[in-house]
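Hi everyone, thanks for coming. Today I'd like to walk you through the charged side-chain pairs in one model.

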Amino acid sequence: MPLTVMLGKKPATTFSITPRILATGIGIVLIFSRWAQAQAVPDAHMATDPKIASALKEISAERIRANIEKLVSFGTRLTLSAQDPSSIAAGHGIGAAREWIRSEFERYAKDCRGCLEVKTDAFTEGPADRIPQPIQISNVYATLKGTDPEGAKRIVLVTGHYDSRNGNTFDTKGDAPGANDDASGTAVSLECARVLSKLKFPATIIFLTVAGEEQGLNGSQHFAKMARAQGWDVEAALNNDIVGGNKNPEQDFGVVRVFSEGVPGAADDKQLRQIRSLGGESDSNSRELARYIADVGRAYQTQVKPLLIFRLDRYLRGGDHYSFNQQGFAAVRFTEYREDFNHQHQNIRIENDIEYGDLPKFVNFEYVANVARVNAATLASLASAPAPPSNVRLDTSKLDNDTTIVWEPVPGASGYEVVWRATSSTEWEHAQDVGNVPRATLKVSKDNVIFAVRAVDNEGHRSLPVVPVPER
Ligand SMILES: [Zn+2]
């Protein structure tokens with residue numbers, strides 16, 4: 001027979017105390033009064049970690065500028081461009097870019113006495129629409145392994161695509177500087193690696209750069225499939241593509257768009273039926289990740305604010321996060337607020353006084369650094385946090401206006417929070433600390449709100465929230 005702890009014995013209307021949970025242990029049911037309905041918890045959002053805050057200051061716009069200019073110096077990074085030894089030696093083509101990225105990761109690895117493991121995921125892609133003959137595609141990545149043996153199995157990753165293109169996806173020779181698309185995203189991954197490799201985290205962080213994006217997301221597809229096939233627990237994939245903050249009068253340097261899919265592309269029929277019946281269209285794992293990013297932005301008061309866009313991607317456009325979504329992983333896309341299509345996928349030229357081409361002079365390096373800070377803070381927060389609670393279920397065994405949620409404890413958690421929001425709200429509005437327990441009952445009707453549970457550690461690091469599935 002579970003022990004019931006009654007909290008808040010005063011009438012709901014006169015409540016002034018914050019119910020802190022005194023009891024811990026398995027089998028304890030917590031009953032919250034109408035307090036829970038009436039009041040948003042002031043600290044619903046995550047606390048900041050001073051170690052993470054000081055790491056963000058290390059992110060350097062100057063480094064990012066140097067890295068973007070270096071990537072541009074290879075002339076073209078078209079996936080179909082040269083990768084033979086003499087072109088690599090001459091510093092021209094995608095092979096030279098690949099080798100440089102690898103050497104850069106290796107330099108960071110040396111600086112942290114081998115804390116990063118640098119690897120290449122190379123494969124041959126057969127002919128396709130934008131691939132006339134079989135071609136070798138190489139993803140380059142550095143892994144900062146988690147310090148906790150169990151926790152290290154959890155992976156968060158950041159990626160950008162280092163390939164580029166001009167007006168013609170088959171032009172292997174012509175310049176394709178790709179300063180914004182996507183040397184900027186590659187530079188974010190590199191700079192996060194340089195700065196975060198100076199810290200230690202219980203979970204693993206992967207700093208990835210992929211190729212083949214412009215030919216059909218080939219690199220990310222290969223990597224995400226490999227992750228799925230090898231059973232990797234990828235909790236979050238942050239894709240940065242076109243985060244250069246192109247300098248145009250309509251640009252907003254104060255925000256970065258964060259695109260996330262609603263109904264998961266990887267959902268099976270049973271999951272789709274459940275989404276339809278319970279109103280789960282805005283609670284994919286990617287959407288929870290997007291909300292987490294918005295929360296990180298507020299907690300660390302990043303100069304660039306995440307602007308959540310509740311759709312997979314821009315009209316008729318795609319990106320590498322989609323490859324991770326297809327494998328069922330939570331993944332989002334970061335993109336500058338307002339793109340300039342004269343500076344994307346264009347041959348460098350001047351026509352009618354308009355300058356075309358994706359050149360470094362249109363990139364705002366401070367902006368890229370600020371986007372990198374949002375990424376680094378998200379990676380570091382997730383890699384510091386406990387795993388999300390597992391097997392989260394909502395008790396529907398009887399018709400009832402209360403809500404009982406149960407879950408399985410996770411290692412490293414010192415407590416759990418139940419969060420909720422109105423079904424029509426975009427972000428979590430309430431959070432209730434329920435203590436170190438595997439279940440909670442709230443006097444808030446499950447029919448009126450959306451609930452989730454997240455794990456918290458001693459230092460206040462929060463996991464991603466998990467929306468419960470109904471259980472009879
Ligand atoms: Zn791109």
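Let's start with the total: there are 29 salt bridges in this structure. By salt bridge I mean a side-chain nitrogen of Lys or Arg within 4 Å of a carboxyl oxygen of Asp or Glu. Please keep in mind that this is a predicted model, where local features need pLDDT of at least 70, side-chain atom pairs count only at pLDDT 80 or more, and totals for chains, interfaces and linings use all residues. Residues are numbered from 1 along each chain as its sequence is written, and side-chain values use heavy atoms, with hydrogens and water left out.

Have a look at helix H3, residues 61–72, which holds both Arg65 and Glu62, three residues apart. (Helices are DSSP runs of H or I with at least four residues, strands are E runs with at least two, and both are numbered from the N terminus.) Their side chains form a salt bridge at 2.2 Å, N to O. Arg65 is partly exposed at 25% relative accessible area; buried means under 20%, exposed over 50%, and partly exposed in between, with a 1.4 Å probe and protein chains only.

Next, Arg421 and Asp283: their closest N and O atoms are 2.8 Å apart in a salt bridge. Arg421 sits in strand S15 (residues 415–422) and Asp283 in the loop between helix H9 (269–278) and helix H10 (285–299), so the pair ties together parts 138 residues apart in sequence. Both Arg421 and Asp283 are buried.

And finally, which residues are linked in a network of salt bridges? They are Asp241, Arg257, Asp313, Arg314, Arg317, Arg333 and Glu339. Thanks, everyone!
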